[in-house]
Amino acid sequence: MEISEIAADGENDHKQEAICIFGTGDFGRSLGMRLLMSGYPVIYGSRNPQNSTLIPSGAQVHTHADALKKSKIIFLAVHRENYDFLPALSNLLDGKILVDVSNNLKMNQYPESNAQYLSQLVPEAIVVKGFNTVSAWALQSGSLDANSQVFVCGDDNKSKQQVMDVARRLGLTPLDRGSLLAAKELENYPLQLFPMWRLPLIIASVLTVFFFFYTVVIDVIHPFVTKNSDVSYKLAISVPNRIFPNVSLILLSLVYLPGVIAAFIQLYRGTKYRRFPDWLDKWMLCRKQLGLVALAYAFLHVLYTYIIPTRFSVRWRWMHSMIEETKSTYSCLSKQNLFTIWG
Ligand code: NAP
């Protein structure tokens, strides 16, 4: 089915307000395609409406000023360095929602966030920050399962809600991050290396250290003190192989536990439309990473478990060859003795 047909179907089902996108680059096009598929009429604002290519079919392309007149929500898919065309449109932008999707190349590249800069540049518009953590590729390919969260912040609650509604209709999960002051954090977010891995890795490290000392005391130091037996060789294979499954199982339980706690909180509150406490939010957000670390530990457990019988088998073969050698030497000696006796 053509995107224009899907869009037409969507329009028939729920007549949606048109969405305007400034910029016909990678992000603008991908977002437009996704909006059309979700039933929104899309109007692009471009510097060169006549020469715009690769525009999703079903979308209109106009000049910035003309596109602005037809929509209340404008997604600004333009880099911060090019915002300077906006003050000239300030009359038309009065009271409209301007969604800043921009990212920077470096963390804290500018003293203020792009969204705050935009709200100073066009104070007539209501600036909402959002969608910057979703890539153009993910929007276009539809592979949003892994990163379907859209962080949104802004000073005007009603406008923020409207932008969050658009995100929901696109199949994304909007998360309210508060006022526009949070925009800097949202802009730094895509530049962070493994942002959700810190907590799972810290938990895994703490558990590993704890189980290491616990197992060393029980399996190595205790036999040495009570029976004077030196089993320090266990430190290489047996001790790690006791740590891995324990840490893996605890991490796995930490993947499922927040879901259960969240369900109880919802039952207690009698609604699922209130935000969870921050600690639970953070915990829920890193469940995937916790699960992956648990899987890594389980894999190590499998590996070490495989090493143990292999080690026994090597030892058995070595001892077997020793015994065979001893037996053959003994039988040779016995024959020689017999020869000596019989003369
Ligand atoms: P892009 O492909 O370079 O497109 C930028 C668009 O901005 C151009 O196509 C152009 O559209 C417009 N533009 C360029 N110079 C301009 C000027 N001087 N005045 C007015 N408009 C101008 O960039 P992009 O990848 O789409 O990114 C756009 C924004 O989305 C950026 O702020 C980026 O940080 C953000 N973002 C991108 C992604 C991604 O995956 N690409 C993800 C998240 C956020 P017209 O020729 O039609 O005017």
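Biologist: Buried means under 20% relative accessible area, exposed means over 50%, and partly exposed is in between, using a 1.4 Å probe and protein chains only. With that settled, is Asn228 buried or exposed?

Modeller: Asn228 is exposed, because its relative accessible area is 60%. One caution before we go on: this is a predicted model, where local features need pLDDT of at least 70 and side-chain atom pairs count only at pLDDT 80 or more, while totals for chains, interfaces and linings use all residues. Residues are numbered from 1 along each chain as its sequence is written, and side-chain values use heavy atoms, with hydrogens and water left out.

Biologist: Thanks! Where does Asn228 lie?

Modeller: In the loop between helix H9 (198–227) and helix H10 (238–269). Helices (H or I, at least four residues) and strands (E, at least two) are DSSP runs, numbered from the N terminus. The backbone there is worth a look too, as Asn228 has a positive phi, near 55°, without being a glycine.

Biologist: And what is phi of Asn108 near?

Modeller: Near 50°, again a positive value in a residue other than glycine. Most residues other than glycine have a negative phi. Asn108 sits in the loop between E5 and H5, and with a relative accessible area of 48% this residue counts as partly exposed.

Biologist: Let's zoom out. How many helices and strands are there in the protein?

Modeller: Twelve helices and eight strands. The radius of gyration is 32 Å, well over the 20 Å that the globule rule gives for 343 residues, so the protein is more spread out than a compact globule. That radius is taken over C-alpha atoms, and the rule is 2.2 Å times the number of residues to the power 0.38.

Biologist: What does the C-alpha trace span along its principal axes?

Modeller: About 125 × 45 × 40 Å. Of the 343 residues, 40% count as buried. The accessible surface, from the Shrake-Rupley method with a 1.4 Å probe, comes to about 20,200 Å², and carbon and sulfur atoms hold 61% of that area.

Biologist: What about the inside? Which residues of the largest nonpolar core touch the most other members?

Modeller: Ile21, Phe27, Leu31, Leu35, Phe75 and Phe131, out of 31 residues in that core. A nonpolar core is a set of buried Ala, Val, Leu, Ile, Met, Phe, Trp, Tyr and Cys residues joined through side-chain atoms within 4.5 Å. Elements that each supply at least two residues of this core include strand E1 (19–22), helix H2 (26–37), strand E4 (73–76) and helix H7 (157–169). Apart from this core lies another, of 28 residues, with Cys20, Val122, Cys153 and Leu175 among them.

Biologist: Which residues is Phe131 in contact with?

Modeller: Contact means heavy atoms within 4.5 Å. Leaving aside neighbours within four places in sequence, the contacts of Phe131 include Phe27, Leu31, Phe75, Val150, Phe151 and Leu172. Across the protein, residues 24 or more positions apart account for 66% of the contacts with a separation of 6 or more.

Biologist: Switching to H5, which of its residues are buried?

Modeller: Asn114, Ala115, Gln116 and Leu118, in a helix covering residues 114–121. The buried residues of H5 pack against E4, E5, strand E6 (126–130) and helix H8 (183–188).

Biologist: What does Leu118 touch?

Modeller: Not counting residues up to four places away in sequence, Leu118 touches Leu76, Tyr83, Leu86, Leu98, Asp100 and Val127. Leu118 is buried, with a relative accessible area of 0%. Ala115 is also buried at 0%, and, with neighbours within four places in sequence left aside, its contacts are Asp100, Val127, Lys129, Leu180, Ala183 and Glu187.

Biologist: Last one, on charges. How far apart are the mean positions of the positive and negative charges?

Modeller: The mean positions of the 33 positive and 27 negative charges are 10 Å apart. Lys and Arg count as positive, Asp and Glu as negative, and His and the chain ends are not counted. Each charge is placed at NZ of Lys, CZ of Arg, CG of Asp or CD of Glu.
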